[in-house]
Amino acid sequence: MEFDRFGMRAHRAMVAIALGLGAVAVGASTPAAAASNPVYTVSNYPVEAVAADAVTAKRIAVEEAQAAAFRSLLKRLVPVTAYGRLQALGHVSASELVDGMSVRAERNSATRYIASYDFAFSQEAVRDVLRREGVPFVDGQAPAITLVPVTLSGGQPQPALGDWGAIWKSLDIANALTPMAVDKLAAGVTPDTLVGLRAPDPSGALRQLETAYPGQAVVVATAEHDRPAQRLHVTLTGRDAAGFLTLARSYRVDGGDVAYAMELAAVVSLAIIEGRWKAIKARGDGGAAYPGASAGSGDGAIAVDVLFASPAEWYALQDEIQAIPGMEGLEVQAVSPRSAEVALNYPAGPAALTAALSRQGFALTRSGDRYVLRRRF
C-alpha cells in the first residue's frame, strides 16, 4: 500500500490548524449528511490549493479533496487483494457521490487555501458503483476496540501518551471499519507485561492485559525510536475484532523526523487492522460481495500460510516477501506464534510466484485451497 508523503504532511498541518495555530473554526459550508453507516464518512481530511485568487484556490482544493477522500474511502471498503479492480472506477465523479461536507477549520491568503473537511458519501450511491463495476467491498463496522499507544525509551514505557497518542487520535478512527477508542496505559500493565506481549508466547501477558481492561478488546501499540539505527520500531499486540494480533514493523526515520515516521506507522497499522477485519468478513458471512463473483476474490490474490520459527523471522519475512519482483501487496489476516495467514496480490499467478520465491530461497507448496510458504534453508 502506498502513502503520499505530502498528504501525510498536509494532514499534520490540518491537525495543527485544528489545535488553533492561527486558524478560526467555521460552520459547515454544506452540512455533512448524518450517514446511517459511519464508514461512508471521511473526516478531518486535508484540503489545500494555490491559484491566482482565493476563490479559485478554494474551489480547486475542495474538488481535489473530494476525489482524494473518495479514493481513501475505497481503500477503506475494498480488500487489498482487489485493489487492482479500482482502476475500473477512474471515470467515477466523486462530487456526484458526496451527500454533504463540513469545514472543521480553514485559513487562506490571497492565493492559497488550506482547510480540514469532513466528507459524507452516499452509502447507496457508492454501493451501486462498486456493484456495477464488480468490485468487492466490506462496509460493516467491526466491534470497537481499545487502542493503547505506548512510547518506549530504553524498553521502558513513558507515562504520557505524547505525540504517538495524539497521532492516533488525529486519524479517522471513529469512522474506520475497525473503530477504536484511544486510552492510556492502565496501572495493571507493567513493563514486564509489555515485554511479555512481544515474547514468542505472549499468552500470559495477554491475560494480564485483559485483566487490566476488563470486557474490552485491547491492542497495545508500542513505538520506540532507535536513534543509532534511525528507525522507529512499532509493535501491535493484543486482540482486535479478527482475533489475536501480533505484528512488528520498523520504519525509517528520515532526517530525524520522528513525527512523520509515527504518522506513517499509525496509518499503516490502522490499514492492517482494517484489512484483517475485511478478510474475516470476506471469508465468513459474505460481507465482501458483488453480483456474480465470490466474496473476497481478487485478481492475483493467493491465500498463503507462512511458516516461521520466531517473531523476528516473521518480521523479516514480511519485508522479503513484499520485495519479491511483481508482488503488489501483502495482507496479513491472522498471526499465531509459528504461522501467519496472508493474502498475496501477485497478478502473474501461483506458478510464477513459486518460481520467484524459489529464486529467493523459499518453497511454496499447495495444501488444499491454500499454499504453504517456508524457507528452503
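**Entry 1: the cavities**

I began with the term itself: on a 1 Å grid over the protein atoms alone, a cavity is a set of points where a 1.4 Å probe fits but cannot get out, and its lining residues have an atom within 4 Å of a point. Grid points are joined across faces, edges and corners, and a volume is the space filled by probe spheres set on the points.

This is a predicted model, and local features need pLDDT of at least 70, side-chain atom pairs count only at pLDDT 80 or more, while totals for chains, interfaces and linings use all residues. Residues are numbered from 1 along each chain as its sequence is written, and side-chain values use heavy atoms, with hydrogens and water left out.

I found three cavities of 30 Å³ or more. The largest cavity holds about 80 Å³ of space. Which residues line the largest cavity? I listed A199, P200, P202, F244, T246, F308, P311, W314, Y315, V335, S336 and P337.

I then sorted that lining by residue class: ten are nonpolar, two polar and no residue is charged. Here Ala, Val, Leu, Ile, Met, Phe, Trp, Tyr, Cys and Pro count as nonpolar, Asp, Glu, Lys and Arg as charged, and the others, Gly among them, as polar.

The largest share, three residues, comes from α8.

**Entry 2: helix α2**

I looked at α2 next, residues 54-77. Its 24 residues reach 34 Å from the first C-alpha to the last, close to the 34 Å expected at 1.5 Å a residue; the expected span is 1.5 Å times one less than the number of residues.

At the start of α2, I saw a side-chain oxygen of D53 within 3.1 Å of the backbone nitrogen of V55.

For burial I took under 20% relative accessible area as buried, over 50% as exposed, and in between as partly exposed (1.4 Å probe, protein chains only). The buried residues of α2 include A57, A61, F70, L73 and R76.

**Entry 3: salt bridges**

My cut-off was a side-chain nitrogen of Lys or Arg within 4 Å of a carboxyl oxygen of Asp or Glu. The whole structure gave twelve salt bridges.

R59 counts as partly exposed because its relative accessibility is 46%, and E63 counts as partly exposed because its value is 44%.

In α3 (residues 123-132), R127 and E124 are three residues apart, about one turn. Their side chains meet in a salt bridge at 3.4 Å, N to O. Is R127 buried or exposed? R127 counts as buried because its relative accessibility is 17%, whereas E124, at 42%, counts as partly exposed.

With 17% relative accessibility, Q123 counts as buried.

My last pair was D254 and R252, whose closest N and O atoms are 3.0 Å apart in a salt bridge. D254, at 35%, counts as partly exposed, and R252, at 58%, counts as exposed.

For polar contacts I took a pair of N or O atoms within 3.5 Å; within protein, one must be able to donate a hydrogen and the other to accept it, and residues adjacent in sequence count only if both atoms are side-chain atoms.

Technical notes:
Helices (H or I, at least four residues) and strands (E, at least two) are DSSP runs, numbered from the N terminus. On a 1 Å grid over the protein atoms alone, a cavity is a set of points where a 1.4 Å probe fits but cannot get out, and a pocket is an open set with protein on both sides within 12 Å along at least five of seven lines; lining residues have an atom within 4 Å of a point.
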